[in-house]
Each structure stands twice: as structure tokens, then as C-alpha cells.
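I opened this notebook to record what I looked up, one topic at a time.

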2 protein chains.
Amino acid sequence: MNPDITKERKNATFDVEKLTYILDGGPEKTKRRREIESLVFSDPDFNEEDPNFLSRSDRYDQAVRKSAQMILKLREYGIADPEEIYCYKKMVQGNFHEALGLHFVMFLPTLYSQCDAEQARKWLPLAESFQAIGTYAQTEMGHGTHLRGLETTATYDPATQEFVLNSPTISSIKWWPGGLGKTSNHAIVLAQLHTLGNCHGIHAFIVPIRDMSTHIPLPGIVVGDIGPKFGFSEVDNGFLKLENVRLPRDNMLMKYAKVEPDGTYLKPPSAKLTYGTMVFIRSLIVGESARALSKASIIAIRYSSVRHQSEIRAGEPEPQILDYQTQQYKLFPLLATAYAFTFVGQYMRETYQRISGDISDGDFSQLPELHALSAGLKAFTTWTANAGIEVCRMSCGGHGYSRSSALPDIYVEFTPACTYEGENTVMMLQTARHLVKSYRQAKEGQQLSGTVSYLNDANLQRVQPQTVAARPTVVDVNDLASLVEVYKQRASILVELAAKSIQQELQRRKCQEDAWNNSSIDLVRASDAHCHYVVVKLFTDKLGEIGDTAIHSVLSTLALLYALHGIKNNSGDFLQAGLLSVPQVLQVSVRVKELLSQLRPNAVALVDSFDINDKRLNSILGRYDGNVYEHLFEWARRSPLNATEVHESFHKYLKPLRSQL
Amino acid sequence: MNPDITKERKNATFDVEKLTYILDGGPEKTKRRREIESLVFSDPDFNEEDPNFLSRSDRYDQAVRKSAQMILKLREYGIADPEEIYCYKKMVQGNFHEALGLHFVMFLPTLYSQCDAEQARKWLPLAESFQAIGTYAQTEMGHGTHLRGLETTATYDPATQEFVLNSPTISSIKWWPGGLGKTSNHAIVLAQLHTLGNCHGIHAFIVPIRDMSTHIPLPGIVVGDIGPKFGFSEVDNGFLKLENVRLPRDNMLMKYAKVEPDGTYLKPPSAKLTYGTMVFIRSLIVGESARALSKASIIAIRYSSVRHQSEIRAGEPEPQILDYQTQQYKLFPLLATAYAFTFVGQYMRETYQRISGDISDGDFSQLPELHALSAGLKAFTTWTANAGIEVCRMSCGGHGYSRSSALPDIYVEFTPACTYEGENTVMMLQTARHLVKSYRQAKEGQQLSGTVSYLNDANLQRVQPQTVAARPTVVDVNDLASLVEVYKQRASILVELAAKSIQQELQRRKCQEDAWNNSSIDLVRASDAHCHYVVVKLFTDKLGEIGDTAIHSVLSTLALLYALHGIKNNSGDFLQAGLLSVPQVLQVSVRVKELLSQLRPNAVALVDSFDINDKRLNSILGRYDGNVYEHLFEWARRSPLNATEVHESFHKYLKPLRSQL
């Protein structure tokens, strides 16, 4: 054990283990998680070379092998609870992704939810036994977020009772679905349904794409890998071009909408039914943001405690870089953010579970609120975590660029979350739509509930951008409740500003849509402020649940840092609205510095509490024992370029060059 | 040609070609650049597969081949002017790096500047004929920025008149030098010089590391590649462990410091002599920031003009995504920044040339100013470009994640600039040291010159953080001169705040060093504001040189957007200092939106003006002709995973799985 990191752990003022229980949701959960994790450590089948040393094809190969092994082992161990499966898989995957991911996350769930009884009897056994391996093909080369824009067609032919599927243009080729390129033999394809001369919009079809026994692509199917990406090397994101592919009528998923044998189209009873999955996945992504940022913080903070560099006082030994104020200022607000997002992730999971109960009872009343919240928080947390991971990476000096640090991998595997499952700016605008609608309802006298209830506040009319001097300043920058209030008021004002911008555009005779577009900068800003308020509030609420005094104290410091750092970074908003005075903003800067010093002794203990095992973190800089340099050397020596002492390029190019000059 | 992009070009209000001349520095320069570039296009030796499809070893192999070919071709064509060589190499390399880069950038220049006459006679012919291929080994595994911390030792043995070189610890292993792993047979090694029982600090030694004919590592040398990184796959950044390596006395570079045969040490005449190269390279990096951000803007803006998505008005065709205000708000400020940095890069190059004339005449008076400016601007521009490239990438939706977009490559090849040649936070603090020193000098009545001369201003004493209402507001947010003034005052106030923070810490009985560390957040902020001011000022100054009315107009719009966007993002500073009123800040937001609309018709023409050839850009999304989708499909089909229809993993794992369940 590195003596610096040992010293750090001795300095902690709280019990790391107890904080881990809080993060896991209780000591039993921690225990069970560790049991499952130990199944992976002790399993020689999962000993492997660093994927960074392998070619793309070998990485994919290794990922398929591991997916197949996981399936067998999960059955062998009898692990069936989704949370436990998730935990097992995360441990196997480390910082990478699963080759068969879409089969589990999209193909099977879609079959479960959208097959009619007869279809279920046919397809579920095939999919559950991996005779049918599937993916979900929605996105096209030229069409992403906007579902109505999809071009793939499925035209019903009553003569043969078949659908004829086509990719009529280059831009209609299905593009991006995970596992589509090489792994899957089936795809749920979303296509525009045409029957009896009418188009009925997007519907889902089960399309066999490869022969189930030879795996060779079927006639009319052009399928392959979309090529190398920023990350996701383990996954064969694919393309699919359909050329007059004929499907039996009952390959359309018919639980809700139907096409009768004669071509008659029957509408689905409600459009809201597919809404829930989307909300669920976005809620999960909030947790993923927390995890990715936690991992990056662990690595950067542990490394900063063992790395010595430069000098603060001349002639003295080089200090730990964690003693530099600038380093603390980079890392501790991100550590606070990782905690904040972890608690927000817990809240979103619980809320989803609560509301999905209502939904299955047919009560959709809470769905718009949850939809808006999950969209905005998905964007807010992924953007923040995305930028934060890179700050952590660059805080590690040169070694942060080495793949051995795991920071490049954590970044490239996480960053797509800013785009998939709803592009972030689009998500922010969806939340804004809900905020503006709620604002208008409140103005019309409706009583709002949920996170937008602040828009009810009577003082809304009075809160206006104005000079600082004119407003009373009652905020206590040391009191979290007071800060929640000030974040709330900021959100309220920015929602109002955005709504007024729309109003002004309309008065300039712009149509509704152009008025919206011309206000979209303000709308995104309003959503951002709303989400920021929600995060500060949920972090503060969480403190109320914490009994242990030492832990309560350190988490309160983190929450205060999170809130004040956010004010410092957005001080213009608070000054502009007259919510804070100039002396208060200066005071915030001073307090932030004090909080950094206050957190310094607990920094390593706070990242230890995330309890992410070395094997899962897979980072030499982030090792629990702090023994960074010897392992960095050992890792480098295994690099493929070191397989031979002399690289062949010397004999091929460099030696001949001399005689050619 | 894609009709959307043709339409964009028709809408431009200025002559693209003329703006290209301004960016190149004149029509002759544009002409010569294009001549050199065409030598590469027309050369079949440089037709190659996308490096993203190759293994690490093959990428390195291809890079060595190209380096060898470039050397031969440059001689064949008689290209010897450094700027023209740079241009040729950039064209060959595209978005990647040169395997032999350090030989040219560090090994040869060090030999030229630090060999004595006899050494030059021996080493220059060897290095110029590539018998000796070299690199520059300074950084160690545990030591980066802080030179005095290096641990490698060179101990003089008078008995044999040799130096004995050692890596006494793991952390002293040389780590990161480009070309060290496999390519070089020599390294300039920086080591602590010990002679006659005294240590004389860091000196440079020429160390043979591989046999010049067999390329096998020499006795006592442990050398290899440091393993895969975030980018730089073409470069064999290496490690070097020295185990009692004996070198003849004259392998120490002796132009300045010397060790006599008996071990007597002779000091160098001045320490400032090695200072110049560092300043030069940092100045160049400012230009690299401009280029990287230009490339990313070209790709994102061209793609946004051909990409249609979602809807603004219901029922109408999907609009070009460049019509969305949020998209303009992401991209146009970055476009403005790319222009700003291009002009700052030109200024830095010219200033360096001017001052280096003085330096060779023995006049070092301007060096501290240039040193501070190059350090700060290196950090300011690389951080901004780094974040900006990622914004461009994520503005392209899913396809920005594809390696075919080139955006991931541009990012990973550029991001190390935030760390190498001086870690950015350290750079900002170096600039801050100069600012605080200048501030104190001004307070003591000294008259400052150069970019810090604003610290002379008498009104400095009067400008204080205060409530907005109390200050007169004379700023015209539509007038660039007025905005330069307000940026200047902000810088001035933030320098003063930082200096006062140090003062306050000293009054709390902190030592000088701790006072500095405890003020370092404020110091970085002050440097940032200083650099921001310099950039706004240099962009504004540049407008004065532009005669063409149409170009002057569009560049003025860009400059205004750059300045106002910076105010919007840092509005807290301007409000806090009372430099702008609340209504003015609101007015800034409105003006920013207007400027986005104003720039919209010229956006594609503005990126066309950078005149970066398709072959050099190597981006399918950024193609000049806008024909994105057909080429994306064609590129994907060449992906290595598509070499076979059925990947072997199906037969190895997926098929057997079914029978095992």
C-alpha cells in the first residue's frame, strides 16, 4: 500500500463502509453486490488481456465470448433478479459494453410488450433460447430523433398476405442499432405502414435478417458493421438495407395496432403505452451519469493523492498534487456532483417504480411530469458528467492520456449517452415545453403539483430582472434550504423569461413554431436552471435521511459545495435577477475555497465509499493501493508494439532510407 | 454537389477566395500552399486506407513509411522553407501525427543549438542522414512540468572520462517522448549532472539507445512503447530505463555548460538561452488551436446545412438543422472563435519573429511579456478549442461518433495540447505571476508597456466591485472598441482581486507560497480574463487591416458575436464589477440572437474560406460537395468487420451456446 494513500485514509472523519451502505441502499445490498462481484473475480474464464491491446475484430470476438459465458453462468448461479444481473454484467464488462446488449435491453422487452398471444408463443421461446438473436432497428442514416421522418416502408400485399419491406433511399438505410452488424439474426424494424393505399405511420415488424443456422444474410438483406467509432469497439453497431423483403402478415407486432388479412388497419387503443420504456431508460441514464463521473473522480482523486509534483514551498519536497487549490477546485465540485447525481439517480428509479405502478393501473396522470423530468435530467446529468470526465482526465497530467488510466475508455464509452435515447438539446426542449405549459397553466390559475409547483408561487409576478440594489437580500449562503430557494427562484425567473420571449416573438407576427425556435436558447437555459434546482433540492432532501452524524456532516459539506459552485459558475443569473447581491457573490467565492480545504482530508475516503472494485475500474492510476508507477511500467511492457524488440518498419523503411538519400 | 450546400454558397455576401487570402497572409501564399498540397493529391504513394481500419502496429508501420517517403520527396522537390515543409507534411498527415516528428522538432534543433563545434561536426551529419534518428527524453514517469524534480542521474567518472547514466527509481524511467519506443536509435536525455561530489542540476546528453545497424537496444538500455493512448496511435511514445549506461565525456552537449576531463564543472553564461524555443512552440500551439477548431467547425457547419431533421412547422419538410437557433448557438460562436484564434495565431507568429530578432541581438527585454502571453494564450486557446471540438462533434448527432466524421480523430489528436509543452493550469499561473508582478510595478509607479499596459490606468484604483446601480454605464454593446474597453476593465479588476487575495492571505500570516496557492483560483481567473481581453482586442485590431467592405462586414459580425457571447457566458463578472447594467446584459442576449440570424447565410462560406481540402480534412460529414450519405455507406462497407459475411465468433460462441442451455 502506498504510504500517501494510507495516510489519506487515516485522516478521514467518517466510516467509509457506512457511506457505502447508503449509496447501495442498505448493508444487505452492499453484501449481495459484493457476493456477485466475487463470482466474477474468482472466475478464470473472465481473465483477459486489456481490450486496448486488441484489434477491433478481436475485441468484438472477446465480447461475444463473454456474452455467451455470462448467459450460461447466470443460469448456473440462478441469478435472475434484474438488479443482480445488472451488477454481474457490469463487473464482467468493466468500462466496456456488451456485444449482445440490445437483445436483452430492446429485443426481448419489445417482444414481451408488443407481441399478441400467438406471436408470444412463437417468438419468446426462440428469443429466450438464443435461436433468435435480435436487435431494435429504428434509427436510419438520415433520421434520428424525429420518428415521423423515418423512410423505411412496409407495404401490405393482400394478395399474398405479406408485408413488403424496403429501404427506398440511401438515407433510409437503418444505421446504428447495436448488434445489428454481425451478431443478430433478427431485427425489430420500425417502418411506415402502408395498406390499401393509406400510410398509417410507424409500426414494428420482426424481420429475419440472417439464416438461423448458417448466419448468412437472407435474400434482400444487405447488412454489416457501420465501422469504427469513438468507443463502443465491442459493439457491432450495424446497417440494414431492405430490398423487397417479404414478411408474413403476422410478423407485424400486433398486440395494439393490427392489419387484418384483407388489409384493413386497426388503430392501437392508446399512444401512451410505448412512452413508459423511454422514460425508464432515460431515468436509468441519470444513474449511469453518476457512475461514470464517480469512476473518473475515484481515479483522479486517488492519483492526485499519490502524485507529487512541483513545489509550493521552495526547497521542500514536491507536494501531493491534491494540495494545490486549483486541483481541488477541478476535482471536488465534480466529486460533489457525482454524489448529487447518485442520489438523483436513486430518486428517479424510485419515482419510476412508483409511477409505473400507477401506469399499469391505467393512471397516466403523473407521466407528463416524469417524462419532462427524465428528459431534462438525462440531458443535464450526461452533459455535466461528460465534461467532468474530461476535467478528471486532464487533471492527471500526461498519464490521463494513457489507456492504462481507463479515463479515455470511461469517456468514449459514456459520451454517446449525450446523444442516444434522445439528443440532449431536444431533451432540454421537451422539458422546456412542459415548463412553459405549466407556467401558462399557473398563470391561468391552475394549481400545479410536482417539481414544477414553484411556478404557482404568487411572488412569481413580482420577481423580475432588476438591479441588485433594489432587491432585499435575505439569502444565507451557508444554509442549504436558503440555497434551494434561490435556485428555485432562478428557475422560476428563467422559465418566465423564456415564456415572455415566445410572447414577444408572437407579437412580432411570428407563427407559433418560429416563435418557439427563436426562443429556444432561452428555453434550454430555463430547463437547465430547472434541472439544477431539482438536483440541489434532491441532494438537500437526501441529507434529511442520514442519521450518522459524521456522514451527515461530510455530505452536507459536499452539498453546500455543489450548490455554491453552481452559483459561482452562474453568478450572472443570480445577480441579474437580484437574487444575490455583489457582496454575497464574493462571499460565495470565499466559501467555496473554505469548503475545498474542509473536504481535503476526506477526499480519498469519499471516493473509496463508491466501492468500485479495482477489477471493475480497470485503471492503473485509480488503483486502491496507490501503487501506480510499477504497474504502469508492467502494463506498458505488455503493449503489442513491444512484442518484438525491433519493429519490422525499421527494416522496411528506415534502413533503406539511408541509402536512398 | 448537394443542392442544399450549393444554395448556401449562393447566399454568401462576400468573396470566399478573398477571405482565404487574408487567412493565408496573401494571394501568393494561398497559391503556393495549393501547389504544395497538389503534390500530395497527385502522388499515388500517399493513397492509403483509413488508419481507423488498421491495427496499432499497422498504423505505426504506415506512419513510418510515410515519414520516410516525405523525407525523400521533400528533397526531390527541393522544398526547404520551414513553412512549406510544414504545409506539405500537414497535407500528408491529415488529422494524424508523424512517426519521426521529434527527430525534426526536437532532436535536430537541440543538436543545432547546443552542440559545440566539434560535437556539431560529429553529430549533425549523422542526424541529417538519418543514421542517427533521435528524440528528446525529458519527462519521466513521475516527473513532468517541474524540471528540477527529474531523477535521472549522469555521474562523471574521471577515471575513465565517462558519464554513468542511471534511472535510480521506477518513477525516474523516461516516459512519453515521441519516437522513443521503437523508432529512435538516439535520445537527448536530460539528467541531473553529478561531478566531483556535487550536483549541478539538469543537463542534456546524447545517448545511443539502439545499434545503428541492427536497431537492437544497446546494453543497459531498456526501451519500448508506453502502450495505447487516447489518440497518437501513429506515434511510439516510449519509455527508457538506463542501467549503468556509460557515455564518453563529449556526449554531454557542451556549447554552454561544460565538464572538463578532470571533472571540473563550468557554468553556462545565461539561463535564458533555452527559454526561446519553449515560447516559440507555445506560440505555434495557438495556431494549432485555431486549425483544430476550424476543422471541427467546417465539418459541423457543412453537415448541418445538408442534414434535415425534425420539424419547425408541422407538416412542412424537415428543415436543415442549421436553421435551429440552438444549433446556431452551438456552432457560430465557435466559428467566431476559430477566426479569432487564427488572427491571434498570426499575431503570435509575427511577434515571435520580431522579438526573436531582438533576442539574437542580446536584447531580452520583451521576453517576459512574450513568455507570459504565450503561456496564457496556449492554455486559453487549447482549452477553448478542446471543448469546442466536442461541441461540434455532438452537434452532428450520432454520426459525430463515427470515425468517418473525423471529429473523434481531431479531438484525440488535439487534446494533448492542453497538457504538453506546459500543463494548462501551470501556464495560466505563469501568466498570472507576470500579471501580479506588473500590477505591483504599476502600483509602485512604474510605467508598463505591452499587453499589460492597462494596469497603468489611473482609474484602476476607482474600479471596484460594487452594485450595478452605483456605476455609470457608458458601454455601447454594439461597438467593438467599447467592448474591448470593457474586457480590459474586467481583466484589470480580476488581476486586482487576485493580488488582493494574496495580500489578505499574507495578512493572515500565511507564507508567500501558501498565500499564492490559496489565491490560485483567482489567479487563473485573472489570467483567463487577460487572455480573453487580448483575443477580443487582436480580433478587433485585425478588422482595421481589412479593406474589402463585404469581408469587413462579415468579420465584424463575427467579432461582435465573439465579444458578446463571451460577455453572456461571463455576465457575472461584468455585473459584479459594475461594468454592465442588468438591462445591458439582457440586451447582449438579444443581440447575440440577432447576430446568429445575421451570420446564418454566410455560415458555409465562412467555413469554406478556411480552404481545408477534403483530403486533408478526411471527413465524410464535412465533404465540400455535401454528398454525405452515399459516402458514409461506402466507407462503412470497407470496415474490417465486414471482411467476412459471418464473423467467426458466431461459430465459436453463439451457435454452441444454444446447445449448452
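The entries below go from the pair of chains to strands, helices and single residues.

**Entry 1: the two copies**

I noted before anything else that this is a predicted model. A rotation of 180° with 0.0 Å of shift along its axis superposes chain B on chain A, with an RMSD of 0.1 Å. The two copies are thus related as by a two-fold rotation axis. I also looked for the C-alpha of chain B nearest that axis, and found that of B:Gly572, 1.8 Å from it. Both copies use the same surface for their contact, since 100% of the contact residues of chain B recur in chain A.

Is strand S5 of chain B mostly covered or uncovered? I found that S5(B), residues 186-195, is mostly covered, with nine of its 10 residues buried.

Next I listed strands that pair with S5(B). Strand S1(B), residues 134-137, pairs with S5(B) in the parallel sense over four bridges. Within this pairing, B:Ala137 has B:Val189 of S5(B) as its bridge partner. Strand S2(B), residues 153-157, also pairs with S5(B) in the parallel sense, over three bridges. Strand S6(B), residues 198-208, runs antiparallel to S5(B), and nine bridges join the two. One bridge I noted pairs B:Gln192 with B:Ile202 in S6(B).

As a reminder to myself, strands of a sheet pair through backbone hydrogen bonds, either parallel or antiparallel.

**Entry 2: the turn between S5 and S6**

S5(B) and S6(B) form a hairpin with two residues between the strands. In this hairpin B:Leu196 takes a positive phi near 50°. A:Leu196 lies in the loop between strand S5 (186-195) and strand S6 (198-208) of chain A. A:Leu196 has a positive phi of about 50° although it is not a glycine. Its relative accessible area is 55%, so A:Leu196 is exposed.

**Entry 3: a three-stranded sheet in chain B**

I looked up the sheet with the order S4-S8-S7 in chain B; it is open, has three strands and is paired antiparallel. Which strands stand at the edges? They are S4 (174-175) and S7 (221-225) of chain B, each with a single partner strand, so one side of each is left without a neighbour in the sheet.

S7(B) and S8(B), the latter covering residues 238-242, pair in the antiparallel sense over five bridges. In this pair B:Ile221 stands opposite B:Leu242 in S8(B). I then found that a helix of the other chain packs on this sheet: H21 of chain A, residues 628-637, touches S4, S7 and S8 of chain B.

**Entry 4: strand S9 of chain A**

In a regular strand the side chains alternate between the two faces of the sheet. I looked at S9(A), residues 245-248, with this in mind. Its covered face holds A:Val245 and A:Leu247, and its uncovered face holds A:Arg246 and A:Pro248. Strand S3(A), residues 162-166, runs antiparallel to S9(A), joined by four bridges. A:Phe163 stands opposite A:Leu247 in S9(A).

**Entry 5: two crossing helices in chain B**

How do H10(B) and H15(B) cross? The axes of H10(B), residues 367-394, and H15(B), residues 520-543, come within 9 Å and cross at roughly 90°. That makes H10(B) roughly perpendicular to H15(B). From H10(B), the contact is made by B:Leu373, B:Gly376, B:Leu377 and B:Phe380. From H15(B), the residues in contact are B:Asp528, B:His530, B:Cys531, B:His532, B:Val534 and B:Val535. I sorted the residues of this contact into six nonpolar, three polar and one charged.

A:Thr419 is found in the loop between H11 (407-414) and H12 (424-443) of chain A. Is A:Thr419 buried or exposed? A:Thr419 is buried, because its relative accessible area is 13% and the cut-off for buried is under 20%. Leaving aside neighbours within four places in sequence, I found A:Thr419 in contact with A:Lys378, B:Gly397, B:Gly398 and B:Tyr401.

In chain B I looked at B:Glu421, which lies in the loop between H11 (407-414) and H12 (424-443) of that chain. Phi of B:Glu421 is near 55°, a positive value in a residue other than glycine. With 31% relative accessibility, B:Glu421 counts as partly exposed.

Note on methods:
Residues are numbered from 1 along each chain as its sequence is written. Chains are lettered from A and ligands numbered from 1 in the order in which they are written. This is a predicted model: local features need pLDDT of at least 70, side-chain atom pairs count only at pLDDT 80 or more; totals for chains, interfaces and linings use all residues. Side-chain values use heavy atoms; hydrogens and water are left out. Copies are superposed by least squares on the C-alpha atoms of residues with pLDDT of at least 70 in both. Contact means heavy atoms within 4.5 Å. Buried means under 20% relative accessible area, exposed over 50%, partly exposed in between (1.4 Å probe, protein chains only). Two strands pair if DSSP finds at least two bridges between them. Axes are lines fitted to C-alpha atoms, for helices over the stretch in contact, and angles run from 0 to 180 degrees between N-to-C directions. Angles under 35 degrees count as roughly parallel, over 145 as roughly antiparallel, 65 to 115 as roughly perpendicular and the rest as oblique. Ala, Val, Leu, Ile, Met, Phe, Trp, Tyr, Cys and Pro count as nonpolar, Asp, Glu, Lys and Arg as charged, and the others, Gly among them, as polar.
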